[in-house]
Amino acid sequence: VQLQASGGGLVQAGGSLKLSCEITARTFNFNYLAWYRQAPGKEREWVATIYPGGTTKYPDSVKGRFSISRDIRKNMVYLQMNNLRPEDTAVYYCKVARASSEYWGQGTLVTVSS
């Protein structure tokens with residue numbers, strides 16, 4: 001399984017970005033799909049999860065601003081990010097959990113200017 005994340009860039013605070021992750025495997029037989037991020041000098045942190053039935057979960061830091069979704073036919077997972085803040089600046093990674101394995105994409109950089 002390979003993952004290719006894209007869509008990062010530079011945006012002003014309050015703006016929006018939509019990240020995409022192309023997965024080279026059928027996405028209907030997964031435990032969950034997720035996004036994580038890692039800011040400079042900080043540990044990687046969880047951002048969003050979507051389960052096969054469509055249930056989504058978010059940490060309080062992004063709840064109400066970020067939205068994860070997936071397109072089963074296209075084997076894609078997305079992260080819509082609204083009302084971005086400078087503290088959202090990080091490299092964003094997509095992740096697939098399937099059976100007992102985990103797969104990560106290479107990351108896409110999001111920079112939010114104040």
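Author: Strands here are DSSP runs of E with at least two residues, and they are numbered from the N terminus. The model is predicted, and I50 has its place in strand β5.

Reader: What makes I50 buried or exposed?

Author: The label buried requires under 20% relative accessible area, and I50 has a relative accessible area of 3%, so I50 is buried. Setting aside residues up to four places away in sequence, I50 touches F30, Y32, L33, T55, T56, I68, S69 and R70.

Reader: Why is the pair of E45 and R37 called a salt bridge?

Author: The rule asks for a side-chain nitrogen of Lys or Arg within 4 Å of a carboxyl oxygen of Asp or Glu. The closest N and O atoms of E45 and R37 are 2.6 Å apart, and the pair therefore meets the rule. By this rule the count comes to 5 salt bridges.

Reader: How do you know whether E45 and R37 are buried, exposed or partly exposed?

Author: Buried means under 20% and exposed means over 50%, with partly exposed in between. E45, at 35% relative accessibility, therefore counts as partly exposed, whereas R37, at 5%, counts as buried.

Reader: What makes D88 and R37 a salt bridge, and where in the chain do the two residues lie?

Author: Their side chains meet with an N to O distance of 2.9 Å, which is to be set against the cut-off of 4 Å, so the pair is a salt bridge. The pair links distant parts of the chain, since D88 is in the loop between β8 (76-81) and β9 (90-98) and R37 is in strand β4 (residues 32-38), 51 residues apart. Both D88 and R37 are buried.

Reader: Which parts of the chain does the pair of R65 and D88 tie together?

Author: The side chains of R65 and D88 meet in a salt bridge at 2.7 Å, N to O. R65 lies in the loop between β6 (56-57) and β7 (66-71) and D88 in the loop between β8 and β9, so the pair ties together parts that are 23 residues apart in sequence. Against the limit of under 20%, R65 at 7% relative accessibility counts as buried, and so does D88 at 0%. R37, E45, R65 and D88 are linked in a network of salt bridges.

Reader: Why is the link of C21 and C94 called a disulfide?

Author: The two cysteine sulfur atoms must be within 2.5 Å; the S to S distance of C21 and C94 is 2.1 Å, so the pair qualifies. The structure holds 1 disulfide, and with 60 degrees about the S-S bond, the link of C21 and C94 is right-handed. C21 lies in strand β3 (residues 17-23) and C94 in strand β9, so this pair ties together parts that are 73 residues apart in sequence. Both C21 and C94 are buried.

Reader: Which residues have the most contacts inside the largest nonpolar core?

Author: That core has 29 residues, and those with the most contacts inside it are W35, L79, M81 and Y92. The elements that give two or more residues to this core are β1 (3-6), β3, β4, β5 (45-50), β7, β8, β9 and β11 (108-113). Leaving aside neighbours within four places in sequence, Y92 is in contact with residues including L19, W35, R37, V47, F66, L79 and M81.

Key. Residues numbered from 1 in each chain as written. Predicted model: local features only at pLDDT ≥ 70, side-chain atom pairs only at ≥ 80, totals over all residues. Heavy atoms only, no water. Buried < 20%, exposed > 50% of the residue type's maximum accessible area, 1.4 Å probe, protein only. Helix = DSSP H or I, 4+ residues; strand = E, 2+ residues; numbered from the N terminus. Core = buried A, V, L, I, M, F, W, Y, C linked by side-chain atoms within 4.5 Å. Contact = heavy atoms within 4.5 Å.
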